[in-house]
Amino acid sequence: MANSLKHLLVCKFVATLLAVLLLFSPVLLRAQQTSATNVLSAEERDLSASVKVETIKEVTAALSSVEMQGRGTMQAGGDRAADYIAQRFAKLGLKPLGKTSYMQPITFRETRFLPETSFRLGEDPFTLGTDYVVTPPYSGDKSVSGQLVFVAYGLTSNVPKRDDLAGIDVKGKIVVMLEGPPKNVDKLSWSKAKAQMTIMQRLVYQGAAGLVFVNTGTADRPYSEMADYLTRRRLELAENEEMPSFLPPFLTFSNEAAEKLFVGSGLTFDQALELADREGFKPISLKKSAKITIRLKKTKGISNNVIGFLEGSDPTLKAEGLVYTAHYDAYGVDKGNRIYHGAADNALGVAEMIAAAEALTQSHARIRRSIIFLAVTGEEYGGFGSSYWIDNPTWKIKQIAANLNFDGMGTEVYGPVKTLVGYGAEHSSLGALLKDVAAATGLTVIADPRPEEKSFYRSDHYYFVKKGVPGLMILGAPEGEISAWINRMKEWEKIDYHQPTDVVRPDWNWEGPRTMAALGVILGFRIANQDQMPSWIPNSPFNRERGTNKPPPPLQ
Ligand SMILES: [Zn+2]
């Protein structure tokens, strides 16, 4: 009954044979290679070591120089930057992937306010910017005048019971109002019900001559910040439809200017605000009229995405491409002759992408899939370069493996990078990949410390994600207390973010950007060589087919 000695020996022989055979099996070989995913292979170590800090410094300095004029979309500085990037791509031997060589031209429409734009209370002129701003959407030139009436939130509803428009006809009036919700209404249900939109639509259809929002600033987002952005030139794709001309002007007032609107009405601005949240609010006539004039200058022009690629080595997989993105635009020259240098945001990101391209093109390692480098324009005005490329792709969307995006707040210059945040990591297999690569390089991945900022929705990778392509943007930060670098970032955000003072500083630690570029290289290298393209986590709301036309899930 027991096993004979012979049987045991045969079994042992078979087992040994199997073991030897398995050792040489391609399946196991691959499994062995990929099982050590949290260790860098020799090729990956070489690739990582070949990322040059000098390249990052040089490109960042060049793109944020005075010569590049803040790389304005539809401005000469932007064109110069596009040429510079194309030359760098050519030097690296990347193949052109634009419409004409490396360039993908995009037609933009720029809108500026002419000095004739004005708000007059009786005969008193108010100042655009300091006192008020014209809020998008704006359709075109306008001249309207009317009596001012304060309608609190303009809300007519049963729960809560209120009728802010009781007894008045808003036709031909300039409606002064607050942005909702009222204090006793929950923010979430307010936004779910699209209550603000409904209120504004109703006022428009009832013939309001203009809408003036007051008391809009918060401690985090003061009026002055909003006014700064809304008085800059505005860009959009020229193909985007213009707003219908029947829309009345929408204005937003500073609190100081709002106080003036209430003078002579029998109550102060503060008293009106208090009444607005009391039961039984009734509209208040401000007993004077105002005149709004809007004069716009619209110009069309071209700005380019710059695209090159490194062809993959695998005869089949080279048809699939991984796309790196980095936006090269900043706010250009605006508000007279101020230059918005955009060094941290995002000359640095472009420099990291170019350093990654340099390491990958000069490597002798086998790179199976193709790798696309896409430097986009028009990001700051609404992600236009990316959305245009996604809608007019120069590579088949179904064959785009993933997107890795370099953009950020420059936190990687605070010191050697030890901490990472992966925006979009939770939605696809790129999250596990990031974890592996982080572990292999001694970095720690943490959860987004500022989820309220919704950064995932705010840069180029998101346009890929919407289209069903897994995407990832990585923020790099130093080690130690998270609050220490978050505070430094918040301070920077307040003073330098999107301002002319976003320039290269002598205290920048360049090892950080090098780590970011090296990380991007290893991630890209692994994506390019995996058997399968990255996949969505099954229950992610973004789990959709590449190339989908479905609208994206609502903001979370
Ligand atoms: Zn940016």
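Among contacts in the protein (heavy atoms within 4.5 Å) between residues at least 6 apart in sequence, 85% join residues at least 24 apart. The structure is a predicted model, in which local features need pLDDT of at least 70 and side-chain atom pairs count only at pLDDT 80 or more, while totals for chains, interfaces and linings use all residues. Residues are numbered from 1 along each chain as its sequence is written, and side-chain values use heavy atoms, with hydrogens and water left out.

The protein contains 16 helices and 22 strands, both taken as DSSP runs numbered from the N terminus (helices H or I, at least four residues; strands E, at least two). Along the principal axes, its C-alpha atoms fill a box of roughly 110 × 65 × 40 Å. Of the 556 residues, 55% count as buried, where buried stands for under 20% relative accessible area, exposed for over 50%, and partly exposed for what lies in between (1.4 Å probe, protein chains only). The accessible surface, computed by the Shrake-Rupley method with a 1.4 Å probe and with only the protein chains shown as cover for residues, comes to about 25700 Å², of which 55% belongs to carbon and sulfur atoms.

In soluble globular proteins, nonpolar side chains tend to be buried together. A nonpolar core is here a set of buried Ala, Val, Leu, Ile, Met, Phe, Trp, Tyr and Cys residues joined through side-chain atoms within 4.5 Å. The largest such core has 91 residues, of which Ile85 and Val306 touch the most other members. Helix α11 (residues 343–362) gives the most to this core, with 13 residues. When residues up to four places away in sequence are not counted, Ile85 touches Leu63, Val306, Tyr328, Val350, Ile354 and Ala375. Apart from this core lies another, of 55 residues, with Tyr132, Val175, Ile199 and Val212 among them.

Ile199 also belongs to the buried residues of helix α7 (residues 195–205), together with Ala195, Gln196, Met200, Leu203 and Val204. The cover over these buried residues includes β9 (174–178), α6 (187–192), β10 (210–214) and β12 (250–253). Helix α7 is followed by Gly207, whose phi is positive, near 90°.

A zinc ion is held by the protein donors His327 (NE2), Asp345 (OD) and Asp407 (OD), which lie 2.0 to 2.4 Å from it; donors are N, O and S atoms within 2.8 Å of the metal (3.2 Å for Na, K and Ca), and since water is not among the atoms, sites may look incomplete. Along the chain, the zinc donors follow the spacing H-x17-D-x61-D. Asp345 in helix α11 and Asp407 in the loop between β19 (400–405) and β20 (419–423) link distant parts of the chain, being 62 residues apart, and both are buried. The peptide bond from Asp345 to Asn346 is cis, with omega near 10°, and Asn346 lies in helix α11.

A cis peptide bond is also found from Val159 to Pro160, with omega near -10°, Pro160 being placed in the loop between β7 (156–157) and β8 (162–163). Asn215, in the loop between β10 and α8 (223–230), has a positive phi of about 60° although it is not a glycine, and at 37% relative accessibility it counts as partly exposed. Lys454, in the loop between β21 (444–446) and α14 (461–466), likewise has a positive phi, near 50°, and counts as partly exposed at 29% relative accessibility.
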